[in-house]
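Subject: Structure handover

Hello,

Here is the structure for your files. My notes on it follow below.

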Amino acid sequence: MSQTVATQPKQVSTWRKVVAAILDFLFVLFIGGYAIGYMTGNLTDEGFSLNGGPAFILFAIIVLYFIVFTRYLGGTVFQRLLGVR
């Protein structure tokens, strides 16, 4: 007679979740912001400056990044790197 023991998944510490979320946000903000700034001609000597429509597009990309990666791709880049998912 074999017994199966249900094991609970290991609890991930809160600080790792927070750090992953911050790093993911900064990652998408800088990569997406630079790409949108490049395409719209909004690059500056310090980086990029987005206002109006381009800023809204960047905001939408950030939201979509978290939704798509978390729901459909098994976790964001830094969630995977830090072992949160």
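A nonpolar core is a set of buried Ala, Val, Leu, Ile, Met, Phe, Trp, Tyr and Cys residues joined through side-chain atoms within 4.5 Å, where buried means under 20% relative accessible area. The model is a predicted one. In it, the largest nonpolar core has six residues: V28, I36, L50, L58, I62 and Y65. Helices α1 and α2 each supply at least two residues of this core, and α2 gives the most, with three. As background, nonpolar side chains in soluble globular proteins tend to be buried together. Over the chain as a whole, 22% of the 85 residues count as buried.

Layout and confidence

The chain has three helices and two strands. Read from the N terminus, the order of the elements is α-β-β-α-α. Mean pLDDT for the chain is 90, and 89% of the residues reach 70 or more. Confidence is highest in α2, at 96, and lowest in strand β2 (residues 47-48), at a mean of 90.

Aromatic pairs

How many aromatic pairs does the structure hold? There are three. The rings of F27 and F78 form an edge-to-face pair, because their planes stand at 75 degrees, with the centres 6.0 Å apart; the cut-off for edge-to-face is over 60 degrees. F27 belongs to helix α1 (residues 14-40) and F78 to helix α3 (residues 77-81), so this pair ties together parts that are 51 residues apart in sequence. Are the two residues buried or exposed? F27 is partly exposed, at 36% relative accessibility. F78 counts as buried, because its relative accessibility is 19% and the limit is under 20%.

Y65 and F69 make a tilted pair, with 4.6 Å from centre to centre and 35 degrees between the planes. Both sit in helix α2, four residues apart, so about one helical turn separates them. Y65 is buried, with a relative accessible area of 9%, whereas F69 is partly exposed at 26%. Ring pairs also bring in F66, so that Y65, F66 and F69 are linked into a cluster.

The surface patch

Which residues form a nonpolar patch on the surface? They are F56, F59, V63, L64, I67, V68, Y72 and L73, and together they have about 800 Å² of accessible area. One of them, V68, is found in helix α2 (residues 53-72).

A contact across the sequence

A35 lies in helix α1 and is also partly exposed, with a relative accessibility of 33%. A35 and L58 are 23 residues apart in sequence, and their C-alpha atoms are 9.5 Å apart in space.

Regards

Conventions. Residues are numbered from 1 along each chain as its sequence is written. This is a predicted model: local features need pLDDT of at least 70, side-chain atom pairs count only at pLDDT 80 or more; totals for chains, interfaces and linings use all residues. Side-chain values use heavy atoms; hydrogens and water are left out. Patches are made of residues with over 30% relative accessible area and no salt bridge: like charges are joined within 9 Å, nonpolar side chains (Val, Leu, Ile, Met, Phe, Trp, Tyr) within 5 Å. Accessible areas come from the Shrake-Rupley method with a 1.4 Å probe; for residues, only the protein chains shown count as cover. A salt bridge is a side-chain nitrogen of Lys or Arg within 4 Å of a carboxyl oxygen of Asp or Glu. Rings of Phe, Tyr and Trp (its six-membered ring) pair if their centres lie within 6.5 Å; planes under 30 degrees apart count as stacked, over 60 as edge-to-face and the rest as tilted. Buried means under 20% relative accessible area, exposed over 50%, partly exposed in between (1.4 Å probe, protein chains only). pLDDT is the predictor's confidence in each residue, from 0 to 100.
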